[in-house]
Structure formats: C-alpha cells, structure tokens
Amino acid sequence: GTVAGNLTNDDFVKRCQSTKLLGRLFGSRGSSIAVRFRPCFRDWLRRHADADENIRQIMVKSLVNFLMTQHKHADLCADVNDTLVKTLDDPCVDVRLAAIQQVCGLAHAALCVNAYSGAVEEKTGGDNDNNAGGSSARGSRRNSPPPISVVSAELLEAVGLKVRAKNKEEHRTAITGLAQIYFKHYLRPRLEYVQEGGDDVNIDEILQIWENVDSDLESKFGWIPRNVFLCVSYSDAEDAEMRSRIYQIVDDTLLGTAKREGSTLTPTARACGLAIILQS
C-alpha cells in the first residue's frame with residue numbers, strides 16, 4: 001500500500017514517517033503484521049541502509065524493539081539479528097554507538113536461563129507485584145523481557161569486533177556491555193552451586209565447574225574475556241585510560257562488584273570465576 005511504497009520515497013519526511021509507522025506496527029506486542037506481510041517487512045528492513053542518518057537511527061531502535069516484543073517469531077528475529085549486524089558497520093559513529101548500546105542493553109536485560117541448573121531467572125513486574133488480581137499478572141507477562149536466545153551468537157560476535165574500533169567511545173561501550181552480559185548469562189549461572197555453598201562449599205561442587213561445561217554457552221559467551229584483555233594492548237596514543245579501565249572492568253563487571261558489603265559473589269565463587277576467566 002501507500003505506507004510501504006513511501007519506504008523508498010525521495011521525500012525524506014514521507015520516508016521517515018513510513019519507516020517509523022511500520023516499525024511500530026511490526027514491533028507492537030501481540031502483532032502478527034510482520035508474519036502476514038513479509039515482503040513489506042523485508043522492504044522495511046532495508047531502511048537500515050537509508051541515505052539519511054536519522055532514519056538509520058530509527059531503524060536501530062525499531063529493530064531492537066522488534067526482538068523484545070516478537071521473540072516467538074524465530075525466523076523473523078533471525079533476519080533482524082542479521083540486519084543489526086550490518087548496522088554495527090554503519091558509516092556514522094552515532095548509529096554504530098546506538099547499535100552497540102541498544103544490543104548490549106537488550107542482551108543484558110534478557111531473561112537468563114541457567115543451562116546448568118535449569119533455573120529460569122525470575123523477573124518481577126515492578127509496582128504491579130504489589131497489586132492483587134489477574135490483570136497484574138497479565139501485565140507482568142506482557143512486559144517481561146525476552147529470553148537471551150533472541151540475541152544471536154553472530155550479533156554478539158559483531159559487537160565483539162567493536163572492541164578493536166578506533167573510536168574510544170565505541171570500544172569502551174562494547175567492552176563494558178559485553179562484560180555485563182558475560183557475568184549475567186555465563187559466569188553467574190556457571191557458579192550458582194558454588195555461590196550457594198558459601199565459603200564452606202564442598203570441593204566436589206567446585207570441581208564440577210570444570211567437568212560440566214555447556215558447549216552452547218561456551219560458544220556464545222566464553223570468548224568475551226579474551227576480547228576484554230585484548231584492550232590491554234591499546235597504546236597510550238590510542239587510549240591512555242584503557243589499561244586501568246580493564247582492571248576495573250574485570251574486578252567490577254566480569255566478576256561482579258566486590259567493593260562493598262554484600263558483594264554479588266562470595267570470595268570462593270569469585271576465585272573460581274577468576275580461574276574461569278583466565279582459562280578462557
């Protein structure tokens with residue numbers, strides 16, 4: 001129709017309005033419009049390479065929102081992941097930064113499914129948790145984040161390549177975001193039983209960490225510490241503050257903070273976590 005046709009209109013205003021509108025329609029919770037109108041959806045995806053930076057910025061936001069709301073449509077989400085990979089190589093640094101920030105934000109907010117214990121992260125519904133009634137439960141389900149599987153390994157690896165970007169803000173944003181994702185979706189679940197055992201944890205629980213390794217998790221997240229340590233090689237001319245930032249990222253992000261009482265991990269779990277990181 002007219003809206004789809006305006007995706008390639010020479011008039012910026014019409015092209016922008018059409019891109020925004022379709023993004024809202026495709027990404028609306030419960031919407032099946034993208035499934036029913038796949039040719040139009042594919043035409044919309046191509047706006048990630050629009051000549052105008054503002055439209056490309058709109059696409060980054062809309063694509064990430066689509067993954068949040070439409071994660072049950074795995075085939076469409078695969079196309080969106082592939083498109084987001086391309087946005088990470090956008091000629092404009094602001095578009096690349098937006099893609100890094102929003103992809104990392106989505107992955108970090110995603111529900112963590114522990115492959116070792118089978119436990120699924122519990123997500124509260126904010127203020128709704130204090131309200132009784134079925135409407136609260138339905139609202140909580142509607143607003144619940146997607147599973148981490150919605151972010152593909154290839155998309156995370158594309159973010160990982162930004163660690164070597166010449167732009168300081170790009171590589172700093174990428175490495176911090178990846179470190180947060182690693183801790184939440186890989187290290188903390190792997191250390192769950194050691195953490196529960198406290199400082200008196202059975203040695204068998206510690207040994208199990210290295211005996212039971214989930215290959216899928218290892219493939220998707222296990223490379224992240226290596227990329228963190230790559231940043232140590234930055235010269236002072238490239239980024240004089242990076243080496244000190246790396247130490248902080250390892251201590252405060254990869255391992256969870258230990259600078260205040262009630263740290264995320266027990267000392268024993270942190271020691272095991274550091275061994276896993278160095279082994280990677």
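Tutor: Buried means under 20% relative accessible area, exposed means over 50%, and partly exposed is in between, with a 1.4 Å probe and protein chains only.

Student: OK. Are D50 and R47 buried or exposed?

Tutor: Both D50 and R47 are buried. This is a predicted model, where local features need pLDDT of at least 70, side-chain atom pairs count only at pLDDT 80 or more, and totals for chains, interfaces and linings use all residues. Residues are numbered from 1 along each chain as its sequence is written, and side-chain values use heavy atoms, with hydrogens and water left out.

Student: What do the side chains of D50 and R47 form?

Tutor: They meet in a salt bridge, 2.6 Å from N to O. A salt bridge is a side-chain nitrogen of Lys or Arg within 4 Å of a carboxyl oxygen of Asp or Glu.

Student: Which residues are linked in a network with R47 and D50?

Tutor: R15 is linked with R47 and D50 in a network of salt bridges.

Student: How many salt bridges does the count come to?

Tutor: The count comes to 10.

Student: New topic. What does K162 form a salt bridge with?

Tutor: With D89, the closest N and O atoms being 3.4 Å apart. K162 lies in the loop between α9 (153-161) and α10 (168-190), and D89 in the loop between α6 (74-87) and α7 (93-109), so the pair ties together parts that are 73 residues apart in sequence. Helices here are DSSP runs (H or I, at least four residues), numbered from the N terminus.

Student: Why does K162 count as buried?

Tutor: Because its relative accessibility is 10%. D89 counts as exposed, at 57%.

How values were computed
Helices (H or I, at least four residues) and strands (E, at least two) are DSSP runs, numbered from the N terminus.
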